[in-house]
Amino acid sequence: KNYILTVCGELPSFIISLLMIDQPFFGRKNSITIFFLSGSIFHLLFGLSSLQIMSSVARFFMKDAFQVIDPLTTESYDTTIRSKGYGFCSGLSRVGAVVMPYIVFPLNDWNPKSVYFLFSFVMFLAALVVWGSI
C-alpha cells in the first residue's frame with residue numbers, strides 16, 4: 001500500500017514537466033533546478049516527519065528532474081559529446097549500483113532517517129551543479 005502511494009507521485013509529473021519546460025520564465029535549466037531543489041526539500045521533510053505524502057511528492061520531483069535532463073542535454077551539447085556523456089554516466093551508474101548498498105544499508109542501520117538526509121543532500125548538490133553550469 002505504501003509503495004503504491006509513493007508511485008502515485010509520478011503520475012502527474014509528465015504533465016507538469018511538459019508545461020514548465022516550454023514556458024519562457026522557467027525553461028529547461030530553471031525547471032530542472034527547481035525540481036532538484038524541491039525534491040531535496042521534500043526528502044528532508046520526509047526524513048524529519050516520515051509522512052508518506054512527503055515521499056510521494058519527493059518522488060514526483062525526482063521524476064520531473066530526470067524527464068527534463070534529456071531535452072536539456074539535447075539542446076546544450078553536440079551528439080558526440082552527449083553520447084560520450086551518456087556512456088560515462090551509464091558506466092558510473094553501474095558502479096553506483098554496486099557501491100550503494102555499502103553506503104545506504106549501514107546508514108539505515110544507524111538511523112533510518114539518515115538515508116533521506118543523504119538523498120536530500122545529493123539532490124541539493126545536483127541543483128547547485130545545474131544552476132551553476134550550462
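Let's start with the nonpolar patch on the surface. Leu37, Phe121, Val122, Phe124, Leu125, Leu128 and Trp131 form this patch, and together they have about 670 Å² of accessible area. Patch members need over 30% relative accessible area and no salt bridge; nonpolar side chains (Val, Leu, Ile, Met, Phe, Trp, Tyr) are joined within 5 Å, like charges within 9 Å. A salt bridge is a side-chain nitrogen of Lys or Arg within 4 Å of a carboxyl oxygen of Asp or Glu. The areas come from the Shrake-Rupley method with a 1.4 Å probe, and for residues only the protein chains shown count as cover.

Two quick notes on the model. It is predicted: local features need pLDDT of at least 70, side-chain atom pairs count only at pLDDT 80 or more, and totals for chains, interfaces and linings use all residues. Residues are numbered from 1 along each chain as its sequence is written, and side-chain values use heavy atoms, with hydrogens and water left out.

Which helix gives the largest share of the patch? That is α6, with six residues. Helices here are DSSP runs (H or I, at least four residues), numbered from the N terminus.

Stay on α6. Phe124 sits in this helix. It counts as partly exposed because its relative accessibility is 38%. The cut-offs: buried is under 20%, exposed is over 50%, partly exposed is in between (1.4 Å probe, protein chains only). Val130 counts as buried, because its value is 11%.

Now the largest pocket. Its volume is about 1400 Å³. Of its 34 lining residues, Phe36, Phe66, Ile69, Cys89 and Ala126 are the closest to its centre. On a 1 Å grid over the protein atoms alone, a pocket is an open set of points with protein on both sides within 12 Å along at least five of seven lines; lining residues have an atom within 4 Å of a point. Volume is the space filled by probe spheres set on the points, which are joined across faces, edges and corners.

Who supplies the lining? α3 (27-49), α4 (52-76), α5 (79-110) and α6 (114-132) each give at least two residues. α5 gives the most, with 14.

Last, two single residues. Ala65 is in α4. At 0% relative accessibility, Ala65 is buried. Tyr102 is in α5. At 68%, Tyr102 is exposed.

How values were computed: On a 1 Å grid over the protein atoms alone, a cavity is a set of points where a 1.4 Å probe fits but cannot get out, and a pocket is an open set with protein on both sides within 12 Å along at least five of seven lines; lining residues have an atom within 4 Å of a point.
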